[in-house]
Amino acid sequence: MLSAPAFFWYNGVVTRPKKGGPPVTAHPHLRQSAIPAAVAALLKTLHEAGFSAYPVGGCVRDLLLGRQPHDWDVTTNALPRQSEELLQSCRVIETGVQHGTITVLAGDCPVELTSFRGEGGYADGRHPDTVTFGVTLQQDLSRRDFTIGAMAWDTEKNCLIDPFGGQQDLQNRLIRAVGDPDCRFAEDGLRILRGLRFAAELGFAVEPETAAALRRNAPLLQNLSPERVRAELQKLICGRAAAPVLREYIEVIGVVLPELLPMVGFAQNNPHHNRDVWEHTLTVLENIPAEPVLRWAALLHDAEKPACCTVDAEGIRHFHGHQQKSAETAEAMLRRLHCETRLIADVTELIKIHDIRFPATVETATRWAGRWGEKRFLQFTELRRADTLGQAHPGEAEPYYRALRAAYDEAKRQNACFTVRQLAVSGDDLTAIGLSGPAVGEALRRLLRLVQGGTLPNERAALLAAARQQE
Ligand code: ATP
Ligand code: MG
């Protein structure tokens, strides 16, 4: 555990130095009006009861970057039981009382309220052996992992409490560990991934000593729970600078995702490709929207290309079957990380279909959106676009994407029939004309194909007539 600094540093413009006290700093982005009413009420309740309470961590960082925080963490010298007693009018979830954290559901803004705490010993490299309450704010800030998340906002004095130079690091766009980076990563290996996650989300560099320690300690990533690893990895790959971070730290990420490593430097020697498999993958990742399903699919869509590689007489490389094999590998990886079943199914299905080519017409859009479902069809269009942008002829990506989306929009406008549920007849209608058992489903699917192919209008009378004929 890091020893607490003897005093606070206050960065920024000193506006109201107090006699004998620490200088007070006002920051243009730290405005009371930025605090949601529910958070302000929570702070007021704690302050009026004589406790100190400060917004801390990510919300302070986001405010200093001029962004609206997506959630609020508050640190207080009140113990969890004392806070709960004061906040009886709010719904409180005992998220981790033994670690001093409760979640206060005030208005529509959940606030993580954590008591000042120190941490002692990390024998397992994941959890503190002991947690001590009753420590100072300095000690509480010193147990936090990165300088940009170890700042608190004193809303009463309107000053920033920044003992480790977080504001300076924000200005310099640097991720720097609080204290000795080797010790901090040895305490909790997850911080290695958190550091890279912040770098990917914010587009920051990792400060050299922190980066070196992060590489040295990478093996510690093996001891972590899959859920914690997945949460950080998913945020990392959804970051706006995911590709450069993955490129620079692939050997660190490779500890938790070793299946990525064979892609690195694997030449494709194919007229469709001008990058190795890994560089192609990173370009796809960069060009796809930052949604978990799409980003996982982009990262893993070609994972098994190296294993599927064959070379023809001209020396050209082919990767037959890599779609199916990559989907299987993706499924195993995402299961290992305890991802949600829905996400695993979406990613693997998308990888299986990622190389399918068809002309962009209303008819094909209707048929494929019908076969895959509209959600998957739209995901496919994004992956197709990003995949082409990462290939030798990127100029083809945008026109095809636009044509396919226009064809789909037109199909929707024409009330196209994507699924049997949208047919103007139901299974009951077909039962009424004498069909039974599996024949009902088969007939519905046949009618759907005829409607999608444009040979039959989606009208009840026409469909019933066709069904009778087929019988
Ligand atoms: P964001 O909410 O945008 O993901 P954040 O900085 O708020 O970023 P959280 O995971 O919400 O990150 O954690 C809140 C704060 O708690 C962090 O800013 C950091 O100070 C501290 N913290 C969280 N996890 C750890 C950890 N594993 N080790 C040390 N400090 C941590
Ligand atoms: Mg947070």
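Before I name any residues, let me say that contact here means heavy atoms within 4.5 Å, and that helices (H or I, at least four residues) and strands (E, at least two) are DSSP runs, numbered from the N terminus. What we are looking at is a predicted model, in which local features need pLDDT of at least 70 and side-chain atom pairs count only at pLDDT 80 or more, while totals for chains, interfaces and linings use all residues. Residues are numbered from 1 along each chain as its sequence is written, chains are lettered from A and ligands numbered from 1 in the order in which they are written, and side-chain values use heavy atoms, with hydrogens and water left out.

Which residues of α21 meet α22? On the α21 side they are Ala-443, Arg-446, Leu-447, Leu-450 and Val-451, and their partners in α22 are Leu-463, Ala-466, Ala-467 and Gln-470. By class, this contact has seven nonpolar, one polar and one charged residues, where Ala, Val, Leu, Ile, Met, Phe, Trp, Tyr, Cys and Pro count as nonpolar, Asp, Glu, Lys and Arg as charged, and the others, Gly among them, as polar. Helix α21 covers residues 438–452 and helix α22 residues 460–470, and the two pack with axes 10 Å apart at an angle of about 125 degrees; axes are lines fitted to C-alpha atoms, for helices over the stretch in contact, and angles run from 0 to 180 degrees between N-to-C directions. The pair is therefore oblique, since angles under 35 degrees count as roughly parallel, over 145 as roughly antiparallel, 65 to 115 as roughly perpendicular and the rest as oblique.

Now to another pair, α15 and α16. Their axes lie 8 Å apart at an angle of about 165 degrees, which makes α15 roughly antiparallel to α16. Residues of α15 in this contact include Ala-327, Ala-330 and Leu-334, and those of α16 include Leu-343, Ile-344 and Val-347. By class, the contact has seven nonpolar, four polar and three charged residues.

Helix α16 (residues 341–353) also packs with helix α18 (residues 374–389), their axes coming within 10 Å and crossing at roughly 55 degrees, so α16 is oblique to α18. Among the residues that meet are Arg-342, Asp-346 and Glu-349 in α16, and Lys-375, Arg-376 and Phe-380 in α18. Here the classes are five nonpolar, one polar and five charged residues.

Let me turn to the pockets. On a 1 Å grid over the protein atoms alone, a pocket is an open set of points where a 1.4 Å probe fits, with protein on both sides within 12 Å along at least five of seven lines, and lining residues have an atom within 4 Å of a point. Grid points are joined across faces, edges and corners, and a volume is the space filled by probe spheres set on the points.

The largest pocket holds about 1,500 Å³ of space. Its lining has 46 residues, with Asp-73, Glu-112, Arg-143, Arg-194 and Arg-197 nearest the centre, and α7 gives the largest share, seven residues. By class, that lining has 14 nonpolar, twelve polar and 20 charged residues.

The second largest pocket has a volume of about 470 Å³. It is lined by 22 residues, and those closest to its centre are His-272, His-273, Asp-355, Arg-357 and Gln-391.
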